[in-house]
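Here are a few exercises to work through with the structure open beside you. Try each task before you read its solution.

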Amino acid sequence: MITDAWIVKNAPMLDTFGLSLDSFNAETLVRMGRCTRTGKILKAERIRAITHAVKAVNPACNIKVNPVVCSLNKNETVRDDILDMPVSRWKIFKMMSFANDSFNNFDISVTDEEYMRYIRNNLGVPPEEINGKSSRILKLSDTCSAVVEKNLDGGYLMIDACGDLVDNTRNTSYVPVVNCITGNVREGLKRLAFNSELYWSRYTDSSGDMSNSRIAA
């Protein structure tokens, strides 16, 4: 739904433009459900065109891509595709297992070893540099940094489609803490298990400097 006309109208107002981008492979995207009901996907050529168009309309806008590594894309190498776009931040998540009364995603989960193999294949980073760290920033070029995000527990402030602030540390699902529309958000935040150290670690490189600190998420 991101048309050229949409970009011309909206890109000048954006500080950050983020895309959930799990794969450049059409078959993989369909298997993940990253498609319409008729099987239409966002093709790699269009993804590249969109990011370059946003940057052309608003050179100050940060482009951010967020892939989630699961069993369906764990063997893909996409570094060249990512760096072929004007990306400021490439944040690589390890899939979180999720379950509720009617659904779970256990069949596409990955182990820590499989996730680290994806990191090594795409970033060239030996596992020992990442192991023990929940989040790590790696500078790939003068304009692009990668964030290795192995653990999401308590590291985000998340609000669902119902307006509920949710906690992902209590079980395998997301537990509502407070409704931000009708409830007392300040009191709800006190009940939230939030790891501020983990949150800030994804914006601070190994030297202690902030990296792309204007990018919020």
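**Exercise 1.** Work out whether F194 is buried, partly exposed or exposed.

*Solution.* Start with the cut-offs: buried means under 20% relative accessible area, exposed means over 50%, and partly exposed is in between (1.4 Å probe, protein chains only). F194 has 33% relative accessibility, so F194 counts as partly exposed. Next, find its place: F194 sits in the loop between α6 (185–191) and α7 (196–201). Helices here are DSSP runs (H or I, at least four residues), numbered from the N terminus.

This is a predicted model, where local features need pLDDT of at least 70 and side-chain atom pairs count only at pLDDT 80 or more, while totals for chains, interfaces and linings use all residues. Residues are numbered from 1 along each chain as its sequence is written, and side-chain values use heavy atoms, with hydrogens and water left out.

**Exercise 2.** Find the salt bridge that R46 forms, and say which parts it ties together.

*Solution.* Look for a side-chain nitrogen of Lys or Arg within 4 Å of a carboxyl oxygen of Asp or Glu. R46 pairs with D4, their closest N and O atoms being 3.3 Å apart. R46 lies in helix α3 and D4 in helix α1 (residues 4–10), so the pair ties together parts 42 residues apart in sequence. R46 counts as partly exposed, because its relative accessibility is 28%.

**Exercise 3.** Decide whether R170 and D167, partners in a salt bridge, are buried or partly exposed.

*Solution.* Their side chains meet at 3.3 Å, N to O. R170, at 47% relative accessibility, counts as partly exposed. D167, at 1%, counts as buried.

Methods:
Helices (H or I, at least four residues) and strands (E, at least two) are DSSP runs, numbered from the N terminus.
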